[in-house]
Amino acid sequence: MREDLRTEFKESWSDKCLRSVAGLGNAEGGTLYIGINDKGKVVGVDDIKGLLKLIPDQIHNKFGIVPTVDSHSDNGKEYISIKVAKQDDVLFLDGKVYVRSGSTTRELKGRELRTYFIKRFNMSWTDDPCPQVTIKELNNVYYEDFKKKAFSKKMLTRSESELSIEALFKKLELSVGKDPKMGAVLLFHPEPESFTGGSRVKIGLFNISGSEIIYQDELEGPLFLMPDRVLELILTKYTANPISYEGIYRIEKRPYPPEALREAILNSICHSDYGAKNPIQIKVFPDRLMIFNNGSPPSDWTVETLLTSHESHPGNPSIAAVFHRAGMVERFGRGIEKIMGEYKDRDVKQPVFNFTESAFNVTFFNENYDADAIKDGLHPGTAQKTEKHSLSATQKSALRIMIGKECSPSELRSALSMDNRASFHKNVLKPLLESALIEMTIKDKPNSKDQKYRLTSEGVKAIKTD
């Protein structure tokens, strides 16, 4: 026998043992043994008759519950067992809350205490009504975008899509009476950050040790748009894709599977504790990418539970339901499974998941990382080797002109003092585009009169290594 979530040992009874009783009752229930040391060896107790009367009386007077207290004997040494059932109500000890976690009993404070109450009573800040906003105020382009996506995915019928916003919110459980839920406000309001800082997503690029931040972004706006915005920013600004060729075919090797990142981003948005008012954070290092959010799985879950088939327990049911209707997530707890599916049969380092009572994080490992690349003078936030580009003096000048801005072909040609348009396209614009050092701002309309060009991450590195 050893200590675990439902088992605890004490050599003797004292007032401090009441913390253990409260911890068991506030967790999954279990048994506290008196007269057994930490190694599981029976050491016995004195005056067992007196303790059999004292212990239940003390527990009842302190918590108003009646545990099962019994005596036992092992090789002539007597000890006591105190069986405590999982309680419907929280057991407070002198105004404090103790919970059994793993093989320890500890007091919950601050964010952990708040998270405990949310999980214990199935509360979610995003399910609370928001009387400051009317449902009609959310009838905007973001809401219409949701309906189009849901209808195209056949997750919304035509009759449902023709309902008034008030009627559809009621059907989708996005409202409480006449008020929208906070989850609906965060999804569709143009400025959800005015209600909680938790709706923001912060992204930062760090050096290998994390001691220096290279640059950062803070995204605001409707949560419904956030997954695509975050993923696009990571793929275009925060990661580099080494380029190689097989014959005439250009190949980009991404450092992280995009679909795995997308699932992790959606997972953090659906499960984050927005009432804690802390933004989701994404930290990008040369060798890894980490996503952090407040909120975590049920208290009795382990990492192994996450990695196997499990029930869905979204921290924000109303938010998860909208993403589900839009065809962006499933409702059956398959987010982690889908992330790991992107790594199936691949000989690369697998993502690592960690969580506490109040926070969750996942770490992805950069498949292109090469520590020696730092020595080659590459940007400390990327440390990924890319092919060397042989650039002419004019091409280098063009890249420098585009630092920090977008240029139309005529603006760039003028800045380079090139009068011959055909020569400009053949010797400057086309080679830079084909080498992926620059890109079009309107990718689906290459001949648009409003077309402009900007540096890619490869172009930035080409300048830095020049």
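Predicted model: local features only at pLDDT ≥ 70, side-chain atom pairs only at ≥ 80, totals over all residues.

Glu-220 is partly exposed, with a relative accessible area of 34%.

Select Arg-6, Glu-28 and Lys-86. Salt bridges with shared partners join Arg-6, Glu-28 and Lys-86 into one network. Across the whole structure, a search finds 19 salt bridges.

Go to Lys-181 and Asp-127. They form another salt bridge, with the closest N and O atoms 3.6 Å apart. Which parts does this pair tie together? Lys-181 belongs to the loop between β9 (179–180) and α7 (182–188), and Asp-127 to the loop between α3 (110–120) and α4 (141–152), so the bridge connects parts 54 residues apart in sequence. Check the accessibility of each end. Lys-181 is buried, with a relative accessible area of 12%. Asp-127 is partly exposed, at 25%.

Next, pick helix α4 and show Glu-144 and Lys-147. Here the closest N and O atoms of the salt bridge are 3.8 Å apart. The two residues are three apart in α4, so about one helical turn separates them. Glu-144 is partly exposed, with a relative accessible area of 32%. Lys-147 is buried, with a relative accessible area of 12%.

Select residues 17–26 and 48–63. These are helices α1 and α2; their axes come within 11 Å and cross at roughly 65 degrees. The crossing is right-handed. Show side chains for the contact: Leu-18, Val-21 and Ala-22 come from α1. Gln-58, Ile-59, Lys-62 and Phe-63 come from α2. By class, the contact of α1 with α2 has five nonpolar residues, one polar and one charged.

Now select 393–401 and 421–434. Helices α14 and α16 pack at an angle of about 65 degrees, with axes 9 Å apart. The crossing of α14 and α16 is right-handed. From α14, the contact uses Thr-394, Gln-395, Ala-398 and Leu-399. From α16, Asn-427, Val-428, Pro-431 and Leu-432 take part. How many charged residues does the contact of α14 with α16 have? None: the residues divide into five nonpolar and three polar, with no charged.

**Into the interior**

In soluble globular proteins, nonpolar side chains tend to be buried together. Select Ile-203, Phe-323 and Phe-364. They have the most contacts inside the largest nonpolar core, which has 62 residues. Centre on Phe-323 and show its contacts. Beyond four places in sequence, Phe-323 touches Leu-187, Leu-223, Phe-224, Pro-227, Leu-266, Ile-269, Cys-270, Met-328 and Val-329.

Then move to a second, separate core of 21 residues. Ile-48, Phe-63, Leu-93 and Tyr-98 are among its members.

Now jump to Thr-363 in strand β17 (residues 359–365). Is Thr-363 buried or exposed? Thr-363 is buried, with a relative accessible area of 7%. Set aside its neighbours within four places in sequence, and Thr-363 is in contact with Arg-288, Leu-289, Met-290, Pro-351 and Val-352.

**Two loops with positive phi**

Select Asn-75, in the loop between β3 (68–74) and β4 (77–84). Asn-75 is not a glycine, yet has a positive phi of about 55 degrees. Asn-75 is exposed, with a relative accessible area of 77%.

Finish at Asp-345, in the loop between α12 (335–341) and β16 (352–355). Its phi is near 60 degrees, a positive value in a residue other than glycine. Asp-345 is exposed, with a relative accessible area of 77%.

Technical notes. Residues numbered from 1 in each chain as written. Heavy atoms only, no water. Axes fitted to C-alpha atoms, helices over the stretch in contact; angles between N-to-C directions. Helix = DSSP H or I, 4+ residues; strand = E, 2+ residues; numbered from the N terminus. Left-handed = near helix turned anticlockwise from the far one by under 90°. Contact = heavy atoms within 4.5 Å. Nonpolar A, V, L, I, M, F, W, Y, C, P; charged D, E, K, R; others polar. Salt bridge = Lys/Arg side-chain N within 4 Å of Asp/Glu carboxyl O. Buried < 20%, exposed > 50% of the residue type's maximum accessible area, 1.4 Å probe, protein only. Core = buried A, V, L, I, M, F, W, Y, C linked by side-chain atoms within 4.5 Å.
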